[in-house]
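Welcome! Here is a short briefing to read with the sequence and the 3D view open. Take your time and look up each spot as you go.

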Amino acid sequence: MRDALNLALKEELARDSSVFLMGEEVAEYQGAYKVTRGLLEEFGPKRVIDTPITELGFAGLGVGAAMAGLRPIVEFMTFNFSILATDQIINSAAKMLYMSGGQFKIPIVFRGPNGSAYQVSSQHSQALESWYAYFPGLKVVMPSTPADAKGLLKSAIRDDDPVIFMEQERMYGMKGEVPEDEEFTIPLGVAEVKREGQDATIVARSLMVPTALKAAEELEKQGISCEVIDPRTIRPLDIDTIVESVKKTNRLVVAEESHAFCGVAAEISAEVNERAFDYLDAPVKRVSGVDVPMPYAKNLEQLAIPDVERIIAAVREVSYS
Amino acid sequence: MATQVVMPKLSPTMEEGQLARWLKKEGDKVSMGEPLAEIDTDKATMEMQALSNGVLRKILIQEGESAPLGQPIAIVGEPDEDISELLKTASEAKPAKVEAAPKELPEPDAAPAAEAKAQEPKQAQTTTGISSDGKGQPAQAEGRVLISPIAARMAAEAGLDFKTIQGSGPGGRIVKKDIETAMSGKRERPAATAGLRPMPRSGEKGVVYGPSAYRDEPVSEMRRTIARRLVTSLGPVPHFFLTIEIDMERAADMRRSINELYPDLKLSINDVIIKVAAVALIQHPQVNASFQDKTVRYYEHADIAVAVATENGLITPVVRAAEMKSLLDIPGEVRELAERARARKLKPEEYTGATFSISNLGMFGIEEFTAVINPPEGAILAIGAMAPKPVVKDNEVEIRQTMRVTMSCDHRVIDGATGAKFLQTFKQIMENPLYLFVG
């Protein structure tokens with residue numbers, strides 16, 4: 001996964017000289033998670049820039065650069081630190097096009113790992129997608145495979161709007177086939193059916209996609225055929241693909257690492273309720289992160305994140321089996 | 001978590017139970033399935049099992065005392081748990097409040113379904129005792145029918161009245177599967193029978209049959225109207241009676257011949273009647289049926305209850321799947337059941353859950369009589385004495401062995417013509433008993 005992201009960055013830096021990368025430790029140290037390995041050497045210190053530990057500051061620099069016509073990629077060491085930069089992201093990046101009457105587009109990507117890692121406790125394990133997806137003017141992307149990561153990151157960099165590109169720390173080591181084609185991109189706002197099925201739909205994103213696929217495999221053995229859909233882009237959300245699937249299966253489970261309250265699953269549930277009410281055979285079921293700050297203890301941490309068993313139980317519940 | 005143990009329903013007609021003996025003392029450890037007490041019911045003394053693990057914290061009724069179904073009789077919980085709340089509710093508990101259960105069922109949109117599931121077993125234990133599992137209840141909470149959106153739409157499109165369908169989802173919610181079942185049931189409704197169909201094959205010797213399988217079909221609007229109107233006339237079960245006279249010459253001959261071949265068998269006419277009734281029932285599934293309020297239940301097998309008079313009163317042991325059993329098997333089985341009935345040794349499952357009953361007063365010389373249906377069965381056949389009688393045959397008077405049988409029918413499920421057709425088949429086979437051997 002980290003190599004796929006690296007490849008996308010490298011190709012886009014090479015393709016367009018207005019693209020540049022900045023963030024904490026992205027240059028000399030080659031990235032806290034080595035996503036930016038080799039980029040300083042290849043593109044030099046004007047294109048790959050180490051910043052001080054000043055999230056609000058360098059996010060603001062990025063927005064300004066984007067207004068001036070560049071295409072910045074801003075790395076947050078994790079999205080937990082993006083909280084410090086929200087004024088620039090939400091008040092500047094998201095609103096500039098609207099408030100300038102269309103004079104300033106902001107072609108910027110904010111990227112980094114989101115969600116849980118391994119025992120980094122409450123402040124460093126947050127899944128913040130629902131925050132950013134909430135605001136008009138931002139796009140939010142969450143890949144679940146190396147190929148999707150490459151294709152989606154390239155599209156995000158080429159997009160003229162600010163894009164929040166959320167990776168997952170637990171998934172950096174994930175292996176998968178990645179197209180080498182430099183023009184391989186995946187359009188934003190298009191979901192992918194990761195597994196076809198008849199009896200129940202599971203919508204999952206990021207870390208929950210491999211978890212949901214394992215649950216679907218196990219459920220198949222129990223006689224329940226699951227369709228697994230990865231929206232890939234949270235905003236704009238490809239609700240049509242989800243609704244089509246629910247019309248077929250009549251049952252929906254949404255799995256997510258983040259908290260349930262005011263979350264993305266809640267939004268999907270509401271959309272499905274509005275668009276496919278007559279097709280539902282059971283209430284839409286959310287499988288979300290437990291509603292507590294992420295515990296540090298390993299055993300409690302495991303209990304706080306949805307796992308295969310919880311998804312299976314939810315699917316069985318909506319399938320009345 | 002501590003729970004109240006309530007007086008369980010240990011026999012189908014039980015309304016209260018007397019505590020014969022506690023098998024555990026306060027403070028004893030109990031585990032699920034372990035016998036907790038002996039309860040005297042109206043039929044027999046039965047063991048009552050613990051439904052949870054823990055310690056018997058408090059005994060609420062003493063040996064010799066009675067309690068209505070559902071009344072708390074003990075509390076089981078952890079040794080150090082606070083049970084004051086449970087004690088308080090137990091002392092306030094009114095006998096088996098049936099309407100208490102639906103009230104606690106969550107509205108589908110009011111609480112996460114997981115919670116509803118978690119509550120179900122609790123309710124079963126604290127309000128209705130052993131027999132209830134919370135499923136198969138009419139799909140209503142507070143007078144509303146619970147149905148999933150797609151199930152409602154499918155029912156509307158198929159022209160089904162979903163009020164007649166029992167839901168299998170949480171709280172009795174009607175779900176897609178229930179509509180699909182109801183729709184397939186609609187298609188499979190058996191056609192009315194004309195004439196005799198081939199004999200069902202006899203079952204393997206030695207096969208033990210449990211209570212008959214069945215399918216529930218929704219009650220049609222017309223059937224509902226018939227039921228509603230008739231039930232107001234004759235009492236809870238609207239009976240009507242059909243009598244037919246049967247020439248028993250051949251049946252009596254056959255019985256004699258078989259008993260000559262198998263002297264130890266002691267085949268009685270009653271045994272033959274059981275077999276013939278069972279075979280005829282399979283050909284007339286509308287009679288092998290029972291009215292279940294929301295559905296009409298059609299049974300696959302003819303489980304025939306035979307009324308046996310004992311010192312203590314009437315009891316009705318059941319010959320399961322009688323149509324599958326041969327005339328060589330039935331006499332022994334009936335005799336054995338009757339003996340144990342007289343000794344009060346029948347288990348509840350041996351005298352309940354029949355699909356049809358036979359009552360025979362022929363041995364007392366009763367020529368014909370009407371029997372009272374044993375609900376929820378749809379009919380009962382009253383057998384009169386077999387006696388020589390003058391009958392007109394080919395314009396001449398002949399003396400023939402005849403027998404009069406009267407069937408009482410539950411008009412909510414069986415109409416006059418339906419019952420009459422069954423009796424026709426019964427008569428046909430009885431008068432041509434060789435039919436039993438050509439299957």
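Between which strand and which helix of chain A does P236(A) lie? P236(A) sits in the loop that runs between strand 10 (233-235) and helix 9 (239-249) of chain A. Please keep in mind that this is a predicted model.

**Cis peptide bonds**

- The bond leading from R235(A) into P236(A) is a cis peptide bond, and its omega is near 0°.
- Chain B has a cis peptide bond from P375(B) to P376(B), with omega near 5°.
- You will find P376(B) in the loop between strand 19 (356-360) and strand 20 (379-393) of chain B.

**Positive phi in chain A**

- E25(A) is not a glycine, yet its phi is positive, at about 65°.
- To locate E25(A), look at the loop between strand 1 (19-23) and helix 2 (39-43) of chain A.
- Is E25(A) buried or partly exposed? E25(A) is partly exposed, because 16 other C-beta atoms lie within 10 Å, and a residue needs 20 or more to be buried.
- R232(A) also has a positive phi of about 65° without being a glycine.
- R232(A) counts as buried, because it has 27 C-beta neighbours inside 10 Å.

**A sheet in chain B**

- Three strands of chain B form an open sheet in the order 11-14-13, and their pairing is antiparallel.
- Strand 11 (214-218) and strand 13 (289-291) of chain B are at the edges; each has a single partner strand, so one side of each has no neighbour in the sheet.
- From one strand to the next, the twist averages 20°.
- Strand 13 of chain B pairs with strand 14 (residues 295-299) of chain B in the antiparallel sense, over 3 bridges.
- One residue pair to look for is F291(B) with V296(B), its bridge partner in strand 14 of chain B.

**Where chain B touches chain A**

- In this contact, 14 residues of chain B meet 10 residues of chain A.
- On the chain B side, the elements giving two or more residues are helix 3 (113-128), helix 4 (149-158) and helix 5 (176-187) of chain B.
- Which helix of chain B gives the most to this side? Helix 4 of chain B does, with 4 residues.
- Sorted by class, the side of chain B that touches chain A has 7 nonpolar, 3 polar and 4 charged residues.

Note on methods: Residues are numbered from 1 along each chain as its sequence is written. Chains are lettered from A and ligands numbered from 1 in the order in which they are written. This is a predicted model: local features need pLDDT of at least 70, side-chain atom pairs count only at pLDDT 80 or more; totals for chains, interfaces and linings use all residues. A residue is buried if 20 or more other C-beta atoms lie within 10 Å of its own, exposed if 12 or fewer, and partly exposed in between; C-beta atoms are placed from the backbone. Two strands pair if DSSP finds at least two bridges between them. Axes are lines fitted to C-alpha atoms, for helices over the stretch in contact, and angles run from 0 to 180 degrees between N-to-C directions. Two residues are in contact if their C-beta atoms, placed from the backbone, lie within 7 Å. Ala, Val, Leu, Ile, Met, Phe, Trp, Tyr, Cys and Pro count as nonpolar, Asp, Glu, Lys and Arg as charged, and the others, Gly among them, as polar.
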